[in-house]
Amino acid sequence: MRTVPLALRVNGEAVEVSIASHKTLLEVLREDLRLTGTKHGCELGECGACAVLLDGKPVLSCLVLALECDGAEVVTVEGLAHEARLDPLQEAFADYGATQCGYCTPGFLVTAKALLDEKPHATRGEISAALSGNLCRCTGYIQIFEAVEQAAAKIADAREDEVER
Amino acid sequence: MTPPLRVVGKPRRRVDGRAKVTGQTLFADDLSFPRMLYCRFLRSPHPHAKILSVDTRRAAGAPGVHAVLTGADFPIRYGILPVSQDEEPLCRDRVRMTGDPVAAVIATTESEASSAAELIEVEYELLQTIADPLEALATAEPRIHDYGDHGNVHKAVALEFGDVEQALAASDRIFDDFFFYEGNTHLALEQHASVALLDRDGKLCLHSSTQTPHYVHRALARALDLPPHRIRVIATPNGGGFGGKTDPFNHEIVVAKAAMLTGRPVKMTLTREEVFYCHRGRHPVLMHFRTGVNNDGSIMAMDLETLLDGGAYGSYGVASTFYTGALQTVTYHLPRYRFRGCRTFTNKPPCGPKRGHGTPQPRFGQEVQLDKIAVAIGKDPADLRLQQLAPAHSLTANWMQLGTVGLRECIEKVVDGSGWRSKWQKLPHGRGIGLACSSYLCGAGLPIYWNALPHSAVQLKLDRSGLVTLFCGATEVGQGSDDVLAGVVAEVLGVDPDDIKLVTGDTDLTPVDLGSYSSRVTLMAGNAAIQAAERARSILAAAVGAKLGIPEESLVFAESRVFDAADPGQGVSFQDAVILAETANGALATIGSYTPPPSAAKYKGGGVGPSPSYSYSAAVVEVEVDPSTGWLRVDRVWIAHDIGRALNPVLVRGQIEGGVYMALGEALMEESAMRRLPPRLSHALVHKMPSMLEYKSPTTLEMPDIVTYLVEDPEPNGPFGAKEVGQGPLLPIMPAVANAVFDAVGVRVDEVPITPEKILRAMKNSDRRVGPTKFPAIHWPETVHVPPPWEGGDGKATKDKAPKSNIPLAGAQTGVSVPQQAGVSVPQESRTCGTDTPVCAPSTPAEVVRK
C-alpha cells in the first residue's frame with residue numbers, strides 16, 4: 001500500500017510517520033503511534049471518546065483526516081500530565097468520581113482542558129455545554145461537572161499563588 | 001474494643017483512578033502483539049434462513065488472508081445457561097437473526113479481512129420470520145429453535161403462593177392494568193473486543209472485554225473441546241458493561257480457534273453496529289397486573305403475567321423470565337402472589353441481562369399501578385407504600401429471605417427532601433411530581449451452572465517487602481470492584497488501599513469469582529477478601545504478639561503499623577510484622593471464600609430471586625410537561641438508597657447517579673426498535689437505529705440535578721454491612737417519571753419510553769391513557785403451588801392447589817420473622833463511625849443517614 005509522510009507535534013514532541021493516506025487522526029494515533037489512551041466508541045463522531053486537542057481546540061479525531069494535520073500540534077490524554085505530576089483535571093477526575101470505567105475519560109479530560117484554557121472560571125452551564133458532545137454511560141455526568149469545577153478552583157489558586165510570589 | 005473504621009466509609013480516590021486518567025488502563029482493543037492478525041465476520045442479511053451453501057474459495061485466495069472459517073469448523077454449541085446451549089460460533093445450517101455470523105476471515109489487516117469477507121458466497125433459503133411475541137405465540141412452525149417448551153415459546157412458568165383468586169375475590173377492589181416496557185440496550189462506550197494467542201507455554205490465552213471470565217473459560221472449553229486448564233481467559237478492564245458483556249460471545253470463540261489454527265495472535269473488535277446486534281439488552285415485556293386492594297389501601301393479592309420478547313437465542317432468558325416475577329414481593333408485603341411468565345423466540349438480536357435484569361419492567365408496572373391505586377382510594381402514594389413495607393428479617397410469600405430493609409428511611413428521605421407533601425397534587429398544571437420504590441439483589445444466591453462450590457474466592461500473598469498482593473477472579477467493569485477488594489483488605493490489615501497490589505480477572509492466576517453480574521461482587525468477593533485478610537491478620541498478630549509480649553487481642557492494625565491498643569508507641573511497622581510472621585511461619589499466604597446461605601425457596605423456579613441481602617431505593621422525580629407539545633423535561637431527582645454501609649461513598653454516589661442517568665435514558669428516549677425492510681429487500685428485520693447517532697441517550701444537557709441520600713443500616717450478611725448499589729437505584733426512576741407525568745397533566749403513559757408523542761396522544765385519548773389494553777391468552781404450564789410461610793408452607797411445592805384457608809391479614813404483621821443469617825461479623829459499634837465528611841461532592845453533597 002502506498003504511504004505518505006506526515007509530520008506532527010504530538011504531546012510536545014516532533015514525530016514523523018509514513019501513513020496510508022485514508023487514515024484518520026484517531027487511527028494514526030492509536031495504530032501508528034501506539035497512543036492508545038485515545039478511544040473509539042461510535043465511528044460517527046457522536047460519542048466524543050476520540051477527542052484530542054488539535055492546535056489547542058478539541059476535535060473528534062475519528063472525523064479528522066490525518067493528512068490534514070500536517071504540521072499541527074496534537075495533545076492526547078498521554079500528554080496532559082506535567083512530567084510525573086498529573087494535571088489538576090486528572091487529579092480531580094480521579095478524586096471526585098469522574099472516572100468509572102474510564103473509557104470516555106480521555107475524551108472528557110482533553111475537552112475540559114480546552115474549556116478551562118479558554119474560560120478558567122467556566123460556570124456549570126458552560127461546563128455542561130462544552131462537554132455535551134462527550135457521552136458517558138457510567139457517571140450520570142454530575143461528578144464530572146464537579147471534578148471540572150474542582151480543577152478550575154485549584155488552577156485559580158495556583159495562579160494566585162504565583163501572582164503573590 | 002474494635003477500633004474505628006479507617007478506610008471503610010471514607011471518601012477516597014479509587015485504586016484504579018490514576019491509570020484511568022492517564023490513559024494507561026489497557027482495554028482489550030488497546031492490546032497488540034507482534035504478528036497479530038485481524039478477524040472480521042460475514043454476517044447474515046436475513047433474519048431467518050437456511051444456509052444451503054457457503055463458498056469461501058475466492059475469499060481464501062484474497063490478499064492478506066490467512067484463514068477462512070465457517071460453521072463446519074465449529075461443531076459444538078454453547079450458551080451461558082446449561083439449559084440454553086443454543087448458540088453457534090459461526091452458524092452451520094440456519095441463521096436466526098440479521099447479523100448472525102456465517103463465516104470469519106482472518107487476515108493481516110482489518111480492511112483486508114473485511115474486503116475478503118465480501119467475496120464469500122452464501123446461498124440461503126429464506127424462512128418465515130417472527131417479529132414479536134404475539135407472532136411467536138401464533139406461529140408453531142417454523143420453530144426458531146428445536147428446543148424450548150413448544151413452538152416458539154422458549155420458556156413458560158407458573159408459580160402461585162396461596163390461593164390468589166380467592167384473595168382477589170375477597171378484596172374490596174381489584175385493579176387490572178396492562179403495561180409495556182420497550183427493549184433497550186447497554187450502549188457501553190467500549191465496543192466488545194477480544195485478542196487470542198498461544199501463550200509462551202503453547203496454551204490458548206484470550207484477552208477479552210468480558211464481565212464473566214469464568215463463564216467464558218467454560219464456554220471456550222466446551223465449544224473448542226479443550227481441557228479447561230489448557231485455556232487462560234484474562235478479562236481486560238471493561239469500558240462499561242451493564243450486563244452487555246456477561247454472555248460468552250461468538251467472536252471470543254472464533255478468535256480463539258483462529259489463533260490455534262494460525263499460531264498467531266488474532267484480534268476482533270466489534271463495530272458499534274455489531275454491538276447493537278450482539279445486544280443481550282433489556283427484554284421488551286408486556287405485563288398484566290391484577291391486584292386486590294382493600295379500601296384502606298392494603299394489598300391482599302397480586303396476580304402478574306409477563307410476556308417477554310427474547311430474540312433469537314436463549315442467553316440468560318430463562319433467568320430473565322423468572323426475574324420478571326421474583327422481586328415483586330420483597331418491597332411490599334404481598335399476602336398472596338401468583339406469577340406467570342413466558343419468553344418467546346423471535347428473529348431479532350437476543351435479549352439478556354441489562355442493569356436490573358428482568359426486574360425494571362415489572363417494577364415499572366407495579367409502581368405505576370400503586371400510584372393509580374393511591375389516586376383511586378385517595379391516599380398519598382408515599383403513605384400507601386409505607387403502610388405495607390416488607391418487614392426486615394422476614395420471609396416473603398415466594399420464600400425470599402430478607403435481611404435489613406431500609407426502605408422506610410429511603411421513602412422518608414426523598415419525601416422530606418423533595419417537599420413531596422406540599423407538592424403532590426398541588427403543583428400547577430404542567431408541573432408534576434412522582435414517587436416510586438424498588439429493591440434489588442446483592443448477588444444471585446445460586447450460580448449459573450449447578451454446583452456447590454464457593455461463588456467467590458480471594459488469595460492474599462504477603463511478603464517481606466510489606467506488599468500485600470490480592471488475587472481474585474472478580475472483574476473491574478468500572479463499578480469499582482478492585483476498589484472494594486483493596487478497601488476491605490486495607491481496613492482489616494490497617495494499610496493504605498493503594499498499598500495493595502491487585503491481580504484480578506485472570507483464570508490462570510486468580511481463584512474463581514463468578515463475575516461482575518447480579519450486583520454480587522461487593523458482597524461476595526468482599527466477604528471472601530475479608531476472610532482472607534482476617535486470617536492474615538491472625539498470623540501477623542501471633543508473630544507480633546509473641547515478639548512484643550502483648551496479647552494478640554490487644555493489637556491494633558492501623559496506619560501501616562501493628563501496635564498495642566493500650567500503648568500505641570509499643571508496636572512495629574506493618575512490614576516488620578510481615579517479616580516477623582514470615583520468619584516464624586515461612587512464606588505467607590491466606591485464602592478466603594464465600595458461598596451464599598442456602599435458600600428457603602425449595603420449589604422449582606425458586607432458584608431465581610434468592611440473595612444474601614436486598615438493597616432498597618426510593619425516588620421522587622419532578623417534571624415539567626408542555627401541555628401543547630407533550631414535551632417532557634425532568635427537572636430534579638431525589639433518590640435515597642439503602643446501601644447498608646457505603647464502603648467508598650464517592651463510588652457509591654457515582655453508582656447511584658449513574659443508575660439514575662441510565663434510568664432516565666430508558667424512561668425518556670432509549671429503545672431497541674426494529675423495523676422490517678420492504679419485501680423486495682427480503683422483508684428482513686433490522687435494527688431501526690444501530691448507531692449512537694440514532695439511538696438517543698442522554699447527554700450532559702439532559703441531566704437534571706440529582707439529590708442523593710445514602711441510608712446506612714449495616715446488613716449482617718454484607719462486608720462491613722455493605723449492600724449493592726450498581727443496579728438497584730436505576731429501578732424506581734422510570735415509574736417515578738410516569739407518575740410525575742400523571743401528576744403534571746393527568747395522563748397515564750403505561751409504556752416505557754415515555755415520549756412527548758405518547759403524552760400528547762394520551763392527552764387526546766378519551767381515557768387519557770396510552771398503553772396496551774390486553775394480554776394474549778397463553779397456554780400456561782401446570783401451576784407450581786407453594787403455600788406462603790404464613791400459610792404453613794415449608795418452601796416446597798405442594799401436590800395440589802393450596803387448600804382453602806382464611807384470607808391472611810395484609811400488612812407487615814403477617815410477615816414471618818426468622819433469625820438473622822449467620823454471616824461475616826459486622827463490628828457493632830461501627831454505626832457511630834465512618835463518614836463525617838461530605839460524600840466528596842463539593843456542590844451537591846450526598847447526605848448520609850444513619851439509623
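Guide: What follows concerns confidence and the contacts between domains.

Guide: This is a predicted model, in which local features need pLDDT of at least 70 and side-chain atom pairs count only at pLDDT 80 or more, whereas totals for chains, interfaces and linings use all residues. Residues are numbered from 1 along each chain as its sequence is written, chains are lettered from A in the order in which they are written, and side-chain values use heavy atoms, with hydrogens and water left out.

Visitor: What is the mean pLDDT of chain B?
Guide: The mean for chain B is 94, and 93% of its residues reach 70 or more; pLDDT is the predictor's confidence in each residue, from 0 to 100.

Visitor: And where does pLDDT stay under 50 in chain B?
Guide: That is the case over residues 811-845 of chain B. Where pLDDT is low, the predicted coordinates should not be read in detail.

Visitor: Which domains does chain A have?
Guide: The assignment gives domain 1 (3-79) and domain 2 (88-164) in chain A; such bounds come from an automatic or database domain assignment. Their contact (heavy atoms within 4.5 Å) takes 16 residues from domain 1 of chain A and 13 residues from domain 2 of chain A.

Visitor: How much area is buried between those two?
Guide: About 1100 Å² is buried between domain 1 and domain 2 of chain A, and carbon and sulfur atoms give 65% of that. Buried area is the accessible area (1.4 Å probe) that two parts lose on being put together, summed over both. In domain 1 of chain A, the residues that lose the most area to domain 2 are A:Lys39, A:Leu53 and A:Val77, together 37% of what that side buries.

Visitor: How many salt bridges are there between them?
Guide: The count between domain 1 and domain 2 of chain A is zero; a salt bridge is a side-chain nitrogen of Lys or Arg within 4 Å of a carboxyl oxygen of Asp or Glu.

Visitor: Now chain B: how many salt bridges lie between its domain 1 and domain 2?
Guide: There the count is two. B:Asp508 and B:Arg232 meet through their side chains in a salt bridge (3.9 Å, N to O).
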